[in-house]
Amino acid sequence: MEKVLVTGGGGFLGRAIVKQLLHKKIRVTSFSRGRYQALEQMGVDQIQGDLTDAQAVMAAVNGMDTVFHVAAKPGLWGSYDSYYRVNVTGTRHVIDACRAQGVDKLVYTSSPSVVFNDSHMENVDESVPYPDTYLAPYPKTKAMAEKLVRKASEQGFLSIILRPHLIWGPEDNHLVPGIIKRAGKLKMVGPTDDLVDTIYVDNAAWAHILAAEKLEQNPELSGRIYFISQDEPVSKWQMANAFLKAAGLPPVKGHVSAGVAYAAGWFFETVYKALRIQKEPPMTRFAARELATSHWFDITRAKKDLGYYPKISTQEGLKQLEQYLSRKNQTHLKN
Ligand SMILES: NC(=O)c1ccc[n+]([C@@H]2O[C@H](COP(=O)([O-])OP(=O)(O)OC[C@H]3O[C@@H](n4cnc5c(N)ncnc54)[C@H](OP(=O)(O)O)[C@@H]3O)[C@@H](O)[C@H]2O)c1
């Protein structure tokens, strides 16, 4: 790896990957719609463009030897079309550009939600099939994108797919702030002892670097999919409480049944759709199912093929998160 493109290099995971690449003295370019001061300060070349624009993607990929395709439209709300254009068409543009420009290898960031089948998933490995239906456009379009990458690898294009679950850590812009924002209003959903996998952001970033390096050493890994995690399933409410504690906030109180949460998700989705409300509803059917089930994965394959292990323990990660939130709070108070 000498010249690397990270799509979404200014995002939460993308930035962590960029930092680790820079640490290895690799020249990095980021591609996204926005321009990021943090990347500028790190000396990262930035190309502003939209994944939905094939020509912009083609130009960004020019001259690269490795692409980390991290950018996506995340979240659980928005039209199917808006997800499809970024996650599916955007990924097709990245693959086409890589092949046209002779890029050696691609690491694609997927998500375990592509195989979530609305029921408990305990210690499942990568052989678990895709479900027939999805409750939200995000997992559906991420699965379609994953299939595009798999197809390209069957045709000889070197690529690896990673499925990190619930990424968290300093600078998180989704999970941790989502929990903090709802502090005092959050309620536990379904069985409280269900386990989930999570992954500290720097571990997820490291897995991406390992994937690119191992793919270079062993092209036979191409087309493989890997779950990656802290390898330490935890109760989701215990983890939510650990995030709240790191922010100096009290734990989640109260409980609703899985059925009530699902009905609330259905209700909010119906009302928000009817009234064309853009904001994400407080509950969706997909979130209700995810909150009321276990989902943790066997990461033996990532350990064996990539040499991955959670370098940063959950305890250490929480310490880093606490320090970050406290610094952020102090800056906020000063301003
Ligand atoms: N966070 C998690 O817990 C989690 C779990 C599993 C998988 N993942 C996957 O990990 C990846 C990164 O997620 P993240 O949490 O780091 O999300 P994030 O912080 O929201 O980053 C997403 C990045 O994608 C870029 N992007 C979005 N739409 C774009 C478009 N149309 N054209 C160009 N760039 C676009 C955004 O930049 P601009 O807005 O500036 O364009 C942003 O930098 C995604 O593929 C996601 O599916 C995340």
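**Figure 1. Helix α9 and its packing partners.** The buried residues of α9 pack against β9 (188-189), β14 (255-256) and α10. Before going further, please note that this is a predicted model, in which local features need pLDDT of at least 70 and side-chain atom pairs count only at pLDDT 80 or more, while totals for chains, interfaces and linings use all residues. Residues are numbered from 1 along each chain as its sequence is written. Helices (H or I, at least four residues) and strands (E, at least two) are DSSP runs, numbered from the N terminus. Packing here rests on contact, that is, C-beta atoms, placed from the backbone, within 7 Å of each other. A residue is buried if 20 or more other C-beta atoms lie within 10 Å of its own, exposed if 12 or fewer, and partly exposed in between, again with C-beta atoms placed from the backbone. In α9, the buried residues are Ala261, Tyr262, Gly265 and Phe268. They cover an arc of only 130 degrees around the axis, so they sit on the same side of α9; the arc is that of the directions from the helix axis to the C-beta atoms. As a reminder, an α-helix has 3.6 residues a turn, so residues three or four places apart point the same way. On the other side of α9, look for Gly259, Thr270, Val271 and Ala274, which are exposed. The length fits too: at 1.5 Å a residue, the 17 residues of α9 should span 24 Å, and its end C-alpha atoms are 24 Å apart. The expected span is 1.5 Å times one less than the number of residues in the helix.

Figure 2. Arginine 276 is found in the loop between α9 (258-274) and α10 (285-291). Although arginine 276 is not a glycine, its phi is positive, at about 55 degrees. Most residues other than glycine have a negative phi. Arginine 276 counts as exposed because it has 6 C-beta neighbours inside 10 Å.

**Figure 3. Asparagine 123 in strand β6.** Here is another residue with a positive phi: asparagine 123, at about 55 degrees, is not a glycine. Asparagine 123 belongs to strand β6 (residues 121-124). With 13 other C-beta atoms within 10 Å, asparagine 123 is partly exposed. Not counting residues up to four places away in sequence, asparagine 123 touches Trp296 and Asp298. Asparagine 123 and isoleucine 299 are 176 residues apart in sequence, and their C-alpha atoms are 8.6 Å apart in space.

**Figure 4. The shell around the ligand.** Of the 29 residues around the ligand, Gly8, Gly11, Arg33, Gly34 and Ala71 come nearest. Helices α1 (12-23) and α4 (80-100) each supply at least two residues of this shell, and α1 gives the most, with 3 residues. By class, the shell has 12 nonpolar, 13 polar and 4 charged residues. For this count, Ala, Val, Leu, Ile, Met, Phe, Trp, Tyr, Cys and Pro are nonpolar, Asp, Glu, Lys and Arg are charged, and the others, Gly among them, are polar.

**Figure 5. The largest nonpolar core, with isoleucine 228.** A nonpolar core is a set of buried Ala, Val, Leu, Ile, Met, Phe, Trp, Tyr and Cys residues joined through C-beta atoms within 7 Å. The largest one has 95 residues, and Ala207 and Ile228 have the most contacts inside it. Helix α7 (residues 201-217) provides the largest share of this core, 10 residues. Leaving aside neighbours within four places in sequence, the contacts of isoleucine 228 include Leu162, Pro164, Ile199, Ala204, Ala207 and Ile299.

**Figure 6. Helix α8, largely enclosed.** Because 8 of the 11 residues of helix α8 (residues 236-246) are buried, this helix is largely enclosed by the rest of the structure. Among the buried residues of α8 are Trp237, Met239, Phe243 and Leu244. Their cover includes α6 (175-181), β9, β10 (195-196), β13 (234-235) and α12 (314-334). Just after α8, glycine 248 takes a positive phi of about 75 degrees.

**Figure 7. Alanine 183 in a loop.** Alanine 183 lies in the loop between α6 and β9. With 16 C-beta neighbours inside 10 Å, alanine 183 counts as partly exposed. Not counting residues up to four places away in sequence, alanine 183 touches Leu244 and Leu249.

Technical notes
Near = placed C-beta within 6 Å. Contact = placed C-beta atoms within 7 Å.
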